[in-house]
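Please open the model in a viewer and follow the selections below in order.

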Amino acid sequence: MCLTEADEVPSANAYTEFLGELTRAGLLIPSGVRGLYGRGGEFERVVDHFERYIGREARAAAGGPPAEVMRFPPLMTRADYSKLNHIHNFPDLMGSVHAFMGKDAEHRELTRKFSKGEDWSRDLSASDVMLVPAACYPLYPTATGTLPTHGRVVDLKTFVFRHEPSDDPARMQIFRQRELVRLGTADEALAHRDAWLARGKRMLEACLLPVEAVVANDPFFGRGGRLAKATQREQVLKYELVVPICSTENPTAVSSSNLHLDYFGHAFGIHTPDGHDAHTACIGFGLERITLALFRHHGLAIADWPAEVRALLRLDRSDED
Amino acid sequence: MSDRIALIRDIVLKHARIAADAAALTPTADLYTLGLSSMTTVHLMVALEDQFEVEFPDRMLGRKTFQSIQAMADAVEELQGG
């Protein structure tokens, strides 16, 4: 999934004001780099409880096989990355891990540049791994082969990286996505996308957030990206659930629900039992953005939140579920 | 076959990555039925813009413009002022 681009900047002040409030409340811990934050304990408590809420909803969801829980680190192999079009579509967002692979002579040169404040980063070499741009990407290479009858549903979560430094506290460079991915036939993928779009909207409404479902597009890069955005909208492949955080005119996508058609099935040789390329779909919850929306709308102290929201998210209970 | 149609046909064969033999690639054949994807449509658009020195305006950015060789030829003709 991709949580989409920000359109026009609503107001730089609105961003920095809210970020200041979050920082003073100890919810976010600035690093000095835009979009890179530590999270305070109360922030994490909300993330944890919202995740359990997703888990309860996923277990209660009917209409498909039970969700398999899988967790991948926020890195994927460069070889698998190379099977995707990400470098064509989102070159500006990617993150590649480079490391020092020289010997003593190269090390001397590296440290000489480092000591003199020169650019030493070009003395590093590409490693075998890339930062994960979406939580579902590491799944598909592991799913090569024939799916079982009725396909699969997979529950994923990882940190994902997008290089888009911003003052907007809701636009982080690294953040967590919780995803429920469907692999199956075209009909199964569409049913999953639509069911989770409706369920996600209901879940956020139950948290008393002013949420709307809108047709959206990913932030495809450059000249060709204009067409990719238009055709993604034309085919209604992506919906976002948006909630105002720093701006009412440009609400923030806190979740997105996407149809990938057979893109991943074709790229990674994932087939339905009748031999066709599998179709995939996902819902992705942006955990930091949902948490920020909750703090924005209900206040910076959880104790002040509406009782029904605290009850729904079980925030008054100390037990694990 | 006009020069424009022939040129576009060559671009389609080079960029569209469709699973059809060249004989099936008539000017009016539906390229999406033949397997044209959104991603390869992007490659096609960029190649057409480079070849014909045009820029597709937003109103033309849709699958309909790239549905067939004829549709692309019509769009290019319009952008080149007939």
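Buried area is the accessible area, taken with a 1.4 Å probe, that two parts lose on being put together, summed over both. This is a predicted model, in which local features need pLDDT of at least 70 and side-chain atom pairs count only at pLDDT 80 or more, while totals for chains, interfaces and linings use all residues. Residues are numbered from 1 along each chain as its sequence is written, chains are lettered from A in the order in which they are written, and side-chain values use heavy atoms, without hydrogens and water.

Select chain A and chain B together: about 1300 Å² is buried between them, with carbon and sulfur atoms giving 58% of that area. Next, highlight Arg223(A), Arg226(A) and Leu227(A), which supply 49% of the area that chain A buries against chain B, more than any other three residues.

Now display the contacts (heavy atoms within 4.5 Å). Here 12 residues of chain A touch 18 residues of chain B.

Turn to the salt bridges (a side-chain nitrogen of Lys or Arg within 4 Å of a carboxyl oxygen of Asp or Glu). The interface of chain A and chain B holds 4 of these by the rule. Zoom in on Arg223(A) and Glu49(B), whose side chains form a salt bridge at 2.9 Å, N to O.

Finally, move to Glu53(B), in the loop between α2 (38–52) and α3 (69–79) of chain B; helices are DSSP runs of H or I, at least four residues, numbered from the N terminus.

Note on methods
Helices (H or I, at least four residues) and strands (E, at least two) are DSSP runs, numbered from the N terminus.
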